[in-house]
Amino acid sequence: MTLAPETTNTEHRLVGTGHVGEGADRYDRLRATGSVFKVAEPDREYWVVLDHDLVRQCLQDATTFSSSVISPLNPEPPFAMIPIQLDPPEHTQWKMLLARYFSPRQMEALRPGLEARCRELIADIKARGECDLLHDFALKFPTAAFLELMGLPLDQLPTFLEWEKQITTPDDKGGFDEERQVGAMFAVVGYFAEEISRRRNAGTHTDDLLSDMLTWEIDGVPAPDDALINCCVLLFLAGLDTVTSTLAFSWHHLATHAADRAHVAATVARGEATDGIVEELLRYYAVPEVGRKVTRDVELDGHLLRAGDLVVFPLVTANRDGSFLADADRVVLDRAQAAPHLTFGAGPHRCVGSHLARIELNIALVEWHRELPDYVVPEGVEVSSYWGNIHGMYDLPLQVVDGADR
Amino acid sequence: VKVTVDRSVCQGHAQCNAAAPDVYEVDDLGYVELLHGEVPVDLEADARLGASACPERALRLLD
């Protein structure tokens, strides 16, 4: 086997800011010229894999593509988040324990609480006739849902929102401040350490995920508190900014595409299911960039990846690959069937919270459009976004258009 | 038509069930359970729809 000499891309940057579409578009432009790239930034080197089939196959091969490193931004993670940074077979027991709490059936039981929380937020926005989607809705809704699921008091919401911001958002200059990020992560670790120890000492069992976690066994022995804390940190990180950013990109799309907005409003007004709409928005605006560490030399589409190399899989561009789906490069809300996208990953590390994300997005879409079918980004407002491990927005001002103005 | 599932590949996305609930059930963890050994003729289209919804490509139809 002879491989062509490797050309290194020195232009690409994992972290940056720009207009809303750019985080994904820059990968789509790269994918038009190849499926696998080697990138050398001043501070880090990694591979980028862009082809839909290749991304799926690599993520399914957890033996070759290890989750011990899930981002080139953190090549030496300060601690292993459980279970996302464990490899099988250790990973499997945790995943099975968690899957029971996040199954489609279990999620339906959460529906009434989620709907009530969503309606409160929307009533407040309706009364004002305008909002910042991020701060008034997209950050609050999934975070409140997380607190409720875990059995944590809702008055912790502002604290959690601040930690979430410090961990996931680039600093004001669009740079990546590892010190700030790791500091906030340790604050979250400290919070859960205290809460777990408080519950152990109180000896009472409440009906929520966190209390149930205290009874979990791994390999037949009680799961150690350190591991449980790490698992809590993961649930916090994985479930919040992802849904927040998906809400932001979805609402930005709808606010700037009148026909799609009208389609959603009409679907909701007819009382029809919104699952297909949610799947298409999830596909087109996939926000995570998933990383892996290569465990053995492996060839990918004519490129030789060496053991120890880091790889990034930008899921959004895999989802827009025309070889996997017709009209993949645009949003089509009424597709005959939902595309089998990779927004929740593939393989053993498939997002365990996918069904929670789906029900949250469906509820948000229905409850919002029932009350606020028409809305726009105010004239003259430039919305910008950032990208890195997660693509997101700093803020998204929206102006409600009421019936009389239409 | 007959459906086969590769258990080592199914990861509980549950999209087969979302697309075709009369052919694909999911268990308490969200993993697929096939409702028919041999899919009835009137559900063949559903069976194909559900199989093509799988992001892992874990489902195969054998004619």
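Helix α14 of chain A gives the most to the lining of the largest pocket, namely eight residues. The tour begins there.

**Before selecting anything**

This is a predicted model, in which local features need pLDDT of at least 70 and side-chain atom pairs count only at pLDDT 80 or more, while totals for chains, interfaces and linings use all residues. Residues are numbered from 1 along each chain as its sequence is written, chains are lettered from A and ligands numbered from 1 in the order in which they are written, and side-chain values use heavy atoms, with hydrogens and water left out. Helices (H or I, at least four residues) and strands (E, at least two) are DSSP runs, numbered from the N terminus.

**Stop 1: the largest pocket**

Select A:Asp275, A:Glu279, A:Arg358, A:Asn362 and B:Ala18, which lie nearest the centre of the largest pocket among its 40 lining residues. A pocket is found on a 1 Å grid over the protein atoms alone, as an open set of points where a 1.4 Å probe fits, with protein on both sides within 12 Å along at least five of seven lines; lining residues have an atom within 4 Å of a point. The elements that give two or more residues to this lining are α4 (104-128), α12 (275-284) and α14 (354-371) of chain A, together with α1 (15-19) of chain B. The space in the largest pocket is about 880 Å³. Such a volume is the space filled by probe spheres set on the points, which are joined across faces, edges and corners.

The lining of the largest pocket divides into 19 nonpolar, 11 polar and 10 charged residues. Here Ala, Val, Leu, Ile, Met, Phe, Trp, Tyr, Cys and Pro count as nonpolar, Asp, Glu, Lys and Arg as charged, and the others, Gly among them, as polar.

**Stop 2: the second largest pocket**

Next, select A:His135, A:Leu139, A:Lys165, A:Thr169 and A:Tyr394, which lie nearest the centre of the second largest pocket, lined by 21 residues. Its volume is about 360 Å³. Helix α7(A) supplies the largest share of this lining, six residues. By class, the lining of the second largest pocket has eight nonpolar, six polar and seven charged residues.

**Stop 3**

Two packed helices are described by the angle between their axes and the distance between the axes. Axes are lines fitted to C-alpha atoms, for helices over the stretch in contact, and angles run from 0 to 180 degrees between N-to-C directions.

Select α10 (residues 225-256) and α11 (residues 258-269) of chain A, whose axes come within 5 Å and cross at roughly 110°. The two helices α10(A) and α11(A) are therefore roughly perpendicular to each other, a label for angles of 65 to 115 degrees. In contact (heavy atoms within 4.5 Å) are A:His253, A:Leu254, A:Ala255 and A:Thr256 of α10(A) with A:Ala258, A:Asp260, A:Arg261 and A:Val264 of α11(A).

A:Val264, A:Ala265 and A:Val268 of α11(A) meet A:Leu365, A:Val366, A:His369 and A:Arg370 of α14(A).

**Stop 4: two sheets**

Strands of a sheet pair through backbone hydrogen bonds, either parallel or antiparallel. Two strands count as paired if DSSP finds at least two bridges between them.

Display the open sheet of six strands, with the order β1-β3-β4-β12-β9-β5 (chain A) and mixed pairing. Strands β1 (8-9) and β5 (65-66) of chain A stand at the edges with a single partner strand each, so one side of each is left without a neighbour in the sheet. Two bridges join β1(A) to β3 (residues 36-40) of chain A, and these strands run parallel. Within β3(A), A:Lys38 is the bridge partner of A:Thr8.

Then display the open sheet of three strands, β6-β16-β13 (chain A), with antiparallel pairing. Three bridges join β6(A) to β16 (residues 397-400) of chain A. A:Cys131 stands opposite A:Leu398 in β16(A).

**Stop 5: backbone details**

Which residues does the cis peptide bond with omega of about 0° join? Select A:Ile82 and A:Pro83. A:Pro83 is in the loop between β5 and α3 (90-101) of chain A. Another cis peptide bond joins A:Pro88 and A:Pro89, with omega of about 5°. Finally, select A:Asp327, which has a positive phi of about 55° although it is not a glycine. A:Asp327 lies in the loop between α13 (315-319) and α14 of chain A.

Definitions and conventions. Parallel < 35°, antiparallel > 145°, perpendicular 65-115°, else oblique.
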